[in-house]
Amino acid sequence: KKGEATNWWWKNNLRRMDEERQKSEESPEGMEMAPESYVGDTTGSSQDGETSSKSAELNHERRSARIRTILILVTYIWWTAWSLVAGYNPHTLEMSIPLPRLPPQCDGYRLAVVADLHAGSLSGRKETEWLVRHLNNLNADAIALAGDIGDEHVNDITRRKLEPLSHLEAPDGVYYAFGNHENMYGIEDFRKVFRTESPFKETIVTLENEHAIITPSGMGEECRIAMVGMADWSGTASHPYPGQIAPDFQKAIRSTPGPNGTTIESDTPVSSSLPMIMMQHEPANMKNAAKDGVGLQLSGHTHGGQTWPQHILLAGFDAISGLHEYDVGSKDGPSYLWVSEGVVGWGPRLRFLCKTDLAVLTLRNPEAMAAEGLTPDTHVTVSTFGMYLSLVLVPLGLLAYLIPAICWTKKRVQDRRNRSRHSGDDSSGKGTEKTIEGDVVASV
């Protein structure tokens with residue numbers, strides 16, 4: 001196909017031929033050269049037709065290119081707008097969950113859950129203040145901060161960004177377990193801030209391989225809930241961060257936070273008759289937790305995949321978003337894993353095939369919930385669908401790229417071998433001719 005420059009050359013060439021023909025017709029010799037002029041005119045008409053065809057084809061290509069460009073721009077604008085809205089507009093989710101061994105007196109207990117604020121590098125004081133306002137307006141009985149709340153080395157700026165958390169309000173307390181980013185940026189400093197410094201230590205109960213017993217007011221003496229906070233799962237790595245500890249469930253159910261950042265250990269574990277909630281930032285090891293008597297695990301970390309198709313990187317976790325049931329054959333019934341997609345996230349504030357969220361989980365007595373004909377909402381979330389979709393499309397996309405690349409490489413190698421073979425044949429032929437010529441000369 002002729003490009004635009006070639007098309008311009010054709011048009012100018014035809015214009016020049018027309019001008020020459022007109023000059024020849026106006027000259028005295030023009031009458032004598034009429035037959036040639038006639039032939040030239042016929043050739044010009046043929047070329048005009050060819051030029052018109054090429055012009056039409058070029059115009060069609062231009063229109064197609066414009067349409068493709070417009071579609072790409074519209075798609076990109078739509079994707080960006082969707083992702084920005086999802087990234088900056090957290091959903092407030094409400095979910096009822098049957099908690100094994102929850103006494104009837106505790107039925108309806110409201111627990112607010114949030115994770116992945118990442119205050120420091122990716123969100124500032126404004127986002128923290130927004131979060132505090134919304135959590136306080138939910139009127140929950142207790143608040144759980146499930147890790148990655150801080151995301152920068154602790155300094156005065158970081159403290160200022162985290163300070164609004166000291167204004168969180170819940171009748172039965174605010175509970176916090178560290179995530180991998182607190183460990184990444186200096187876990188010793190985060191322990192010091194939240195366990196020994198005002199105003200955080202007065203407001204937030206920080207649990208790291210420890211537990212606290214929640215005794216809700218106004219629900220009777222039998223209403224008691226064990227809240228366990230685990231060290232982050234990244235502590236099991238072969239090279240943990242400085243000062244990081246590995247999660248230890250047996251230690252957690254025997255330890256409680258003491259004054260001035262200390263830990264009080266006991267030989268007696270949490271009573272197995274109490275309902276148990278565990279904060280573990282990464283959604284992992286849930287089956288073992290269920291076997292250990294954990295009725296509900298609260299996690300975050302995944303950000304719901306954040307931007308598709310990187311959902312595929314999360315396939316190794318127990319879940320990436322929403323509520324999931326784990327039935328390990330316990331006499332108390334199945335346990336549950338709740339995975340928050342995060343209130344902010346990490347990296348660009350964009351979300352595609354996922355959302356930002358904070359949740360209010362209404363804890364139900366399993367028998368009372370069943371009597372009302374209600375079941376927990378364990379539907380497949382958009383994020384989970386995005387993960388399954390990436391598991392199918394990403395390998396297919398790689399194959400669609402690799403197969404032509406392999407065929408092209410194979411053809412190049414074959415062509416190179418053929419050229420080498422032909423050049424070898426030519427060289428041997430020339431050598432034979434020289435040998436024959438030498439023999440002839442010698443015989444003469």
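**A strand on the inside**

Five of the five residues of β9 are buried (under 20% relative accessible area, with over 50% called exposed and partly exposed in between, using a 1.4 Å probe and protein chains only), so β9 is largely enclosed by the rest of the structure. This is a predicted model, in which local features need pLDDT of at least 70 and side-chain atom pairs count only at pLDDT 80 or more, while totals for chains, interfaces and linings use all residues. Residues are numbered from 1 along each chain as its sequence is written, and side-chain values use heavy atoms, leaving out hydrogens and water.

- Strands here are DSSP runs of E with at least two residues, numbered from the N terminus.
- β8 and β9 run antiparallel, joined by five bridges (two strands pair if DSSP finds at least two bridges between them).
- In β9, M227 has A212 standing opposite.
- β9 also pairs with β12 (residues 276–279), in the parallel sense, over four bridges.
- Within β12, M278 stands opposite V228.

**The disulfide**

- One disulfide (a pair of cysteine sulfur atoms within 2.5 Å) turns up in a search of the whole structure.
- C106 is joined to C223, with 1.7 Å from S to S.
- C106 lies in the loop between β1 (91–98) and β2 (109–114), and C223 in the loop between β8 (210–214) and β9 (225–229), so the pair ties together parts 117 residues apart in sequence.
- Both C106 and C223 are buried.

**Two other cysteines**

- C354 counts as buried, at 8% relative accessibility.
- C407 is partly exposed, with a relative accessible area of 47%.
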